Amino acid sequence: MKMTKLAALAAATMLAGMPAAWAEGVKVGMITTLSGGGAGLGIDARDGFMLAVKLAGRDDLDVVIEDDQRKPEIAVQLADKMIQSEKVDVLTGIIWSNLAMAVVPAAVAQGKFYLSVNAAPSALAGKGCNPNYFSVSYQNDNLHEAAGAYLAKAGFKKPFILAPNYPAGKDSLTGMKRFYTGELAGEVYTKLGQTDYAAEIAQIRASGADSVFFFLPGGMGISFMKQYADSGVNLPVVGPAFSFDQGILGAVGQAALGVKNTSQWSKDIDNAANKAFVDGFQAEYGRLPSLYAAQGFDTANLLISAMNKADVKDADAFRAALKEADFPSVRGKFSFASNNHPIQDIYVREVVMEGDVITNKIVDTAMTDHANAYVDACKM
């Protein structure tokens, strides 16, 4: 029964205009986090990517998967091995921006394509952009920009903001402040991987804040939200999806109910590709998909759409095919800005209970056809 359902979903998601003969095969190196802190994010990105490959029935797409352990030095070693020994055509999979900064510039300098399932630091969107680098997720600032816009629209006057001290954390607060220009009750950078937030919560309590914005992905967000709920500080919480996505909510529990979070994807986006993805992911893996899974799924389908049009050995033609983004995104509208980062809508979601499942539902649209702040600095 499971395979029958997946076969039906595969038929529903086949790309239009598939040629009679597929292009020469493509070898993909996926470097992602599969162990330790943040492993759930990499597992979801991997599973979403591989589901798309399975539904498309592509036996000409070879995927080599390795665990970066969330360590930049390991990611660099794996990238070198994949490029030199495995002879991959395309790299993908990195979740964390510090790892992306360690891997991507060298990979694209060697003529490899890099398709990002998640990390999209500002340094790779502006002056450091490259024709072979495509972010299929967002630009790091985007969801934080949307949260800042929502805080302003909702009438909050004095938020307290915090994020980890690494590239994505800095992009987060920069993006938030780009669209929320009012007074801040406080601004704090925490240690990457931190689990004890007693000091930061005490600062929030004493700050006179009327709300809290935070970006703490993976286990950091779980730890913070549980401690925040237990602290008795009862200020509204707004943030990007990363700390309130499906893979996180089960661990956070009811402490997250009512939180508003911003995302370019949600399981209730009403289009055929998204319905097929959500149903297919549940059928294949027995759980609801997360944002990371959705990004992995779209990344694979972008790659397949390029394979339908060009041979990866013809770099110019393959690059042009990627740029067209001719695939049915689970997000609906999707295109690339001139710096190869998405133009897309960003939504406000609320954490709710649906039966006995804690999840998100869309309650507003924060931004429409939003690109990124670094387009003009990219000179390709």
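The model is a predicted one, in which local features need pLDDT of at least 70 and side-chain atom pairs count only at pLDDT 80 or more, while totals for chains, interfaces and linings use all residues. Residues are numbered from 1 along each chain as its sequence is written, and side-chain values use heavy atoms, leaving out hydrogens and water.

Strand 4 (residues 113-116) pairs with strand 5 in the parallel sense over three bridges; pairing requires at least two bridges found by DSSP. Strands (E, at least two residues) and helices (H or I, at least four) are DSSP runs numbered from the N terminus.

These two strands belong to an open sheet of five, in the order 2-1-3-4-5 with parallel pairing. Strand 2 (61-67) and strand 5 (133-135) each have a single partner strand, so one side of each is left without a neighbour in the sheet. From one strand to the next the twist averages 20°, with axes fitted to C-alpha atoms (for helices over the stretch in contact) and angles from 0 to 180 degrees between N-to-C directions. Helix 12 (residues 315-324) lies across strands 4 and 5, at about 15° to strand 4; contact means heavy atoms within 4.5 Å.

| Class | Lining residues |
|---|---|
| Nonpolar (Ala, Val, Leu, Ile, Met, Phe, Trp, Tyr, Cys, Pro) | 13 residues |
| Polar (the others, Gly among them) | three residues |
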